[in-house]
Amino acid sequence: MTIVVKVGGASGNASDPVLADLAARSDYVLVHGGSDAVDRLATALGQPPQYYTSPSGVVSRRSDAAHLEVVVLALAGKVQTDLVAALMRRGVRALGLSGVDGGLLVARRKSGARAVMDGRVVHLADDLSGTVERVHVPLLRSLLAAGLVPVVGPPAMTATGEIVNVDADGVAAAVAGALGASALVLLTNVPGLLRDKDDPATVIPRLRPDEVDAALPLAAGRMRKKLLAARDAVRAGVPRVVIGPSSVDRPVERALAGGGTVIG
Ligand code: ADP
């Protein structure tokens, strides 16, 4: 059965153990983010990244046209190429695809991106981010059937042909749901969802899907996106989502064995 593994890109993540683990498997899709690489490139180009918090407390990257260019360069360029190369070096025939390639990820542009700034809610009219609405499953299936491993990341494209930034956890959830994956593994820089985000010993081992909403207040910032993505994947029929650490030995097998926070 196909599994979908997403490796995080914030600092504190490690891709090597993930790739070593994956090289021993077949029938999987690797999804990547790369927030650290985007931030570094943006800063080097003199356009430091900006983040905003929505009225519901979700932190997002501010993706205006200039920043979207940096996102594309860093993710579809550098991060994805490095992951594909690292898998190839391990003998895996990997193929990198952004959501734009072959119409893989069709997104709806967020028309109402809203940010809380200085206590006021502001509409971000120039934001070029979106939500994945459709995954080109036959494309992924044909690659997998040909023995290729798809390595997938943002951006995506709207039905009218606009490139938009999309959240990589959301990409992983959409791909896992559309493929009918047997599991979605979200590997990140913490051991799982923590009851106290500053105490790695407080991992919540299991959440039923109907407990996710109640757990959202525990998750600050971008962990909230992960929980929402996990809930979306379960709702789309993925029986098991695990949020676990990337920087351990055998991170994929460990997560599949329940190491981290299991949602499902
Ligand atoms: P990645 O790039 O690996 O996807 P993110 O930075 O998007 O990582 O999300 C993981 C971060 O979420 C953690 O590093 C942590 O700072 C933050 N976080 C906030 N609340 C929690 C929580 N309750 N449990 C775990 N992590 C949390």
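This is a predicted model: local features need pLDDT of at least 70, side-chain atom pairs count only at pLDDT 80 or more; totals for chains, interfaces and linings use all residues.
Strand β1 covers residues 3–7, and five of the five are buried, so the strand is largely enclosed by the rest of the structure.

One is β2 (residues 28–32), which pairs with β1 in the parallel sense over five bridges. Within this pairing, V5 stands opposite L30. To get from β1 to β2, the chain passes through helix α1 (residues 16–22), and this β-α-β crossover is right-handed. Another partner is β13 (residues 183–188), which runs parallel to β1 and is joined to it by five bridges. There, V4 has L184 as its bridge partner.

Now for the ligand. It is surrounded by 18 residues, and the closest are N13, T188, N189, L194 and K226. Sorted by class, this shell holds eight nonpolar, six polar and four charged residues. G9 comes in with its backbone instead: one of its backbone N or O atoms lies 3.1 Å from a ligand oxygen atom. For N189, an N or O atom of the side chain sits 2.7 Å from an oxygen atom of the ligand. As for cover, the ligand on its own has 580 Å² of accessible area, and the protein covers 86% of that.

Definitions and conventions
Residues are numbered from 1 along each chain as its sequence is written. Side-chain values use heavy atoms; hydrogens and water are left out. A residue is near a molecule or strand if one of its heavy atoms lies within 4 Å of it. A polar contact is a pair of N or O atoms within 3.5 Å; within protein, one must be able to donate a hydrogen and the other to accept it, and residues adjacent in sequence count only if both atoms are side-chain atoms. Accessible areas come from the Shrake-Rupley method with a 1.4 Å probe; for residues, only the protein chains shown count as cover. Ala, Val, Leu, Ile, Met, Phe, Trp, Tyr, Cys and Pro count as nonpolar, Asp, Glu, Lys and Arg as charged, and the others, Gly among them, as polar. Buried means under 20% relative accessible area, exposed over 50%, partly exposed in between (1.4 Å probe, protein chains only). Helices (H or I, at least four residues) and strands (E, at least two) are DSSP runs, numbered from the N terminus. Two strands pair if DSSP finds at least two bridges between them. A crossover is right-handed if, with the strands pointing away from the viewer, the path from the first strand over the helix to the second runs clockwise.
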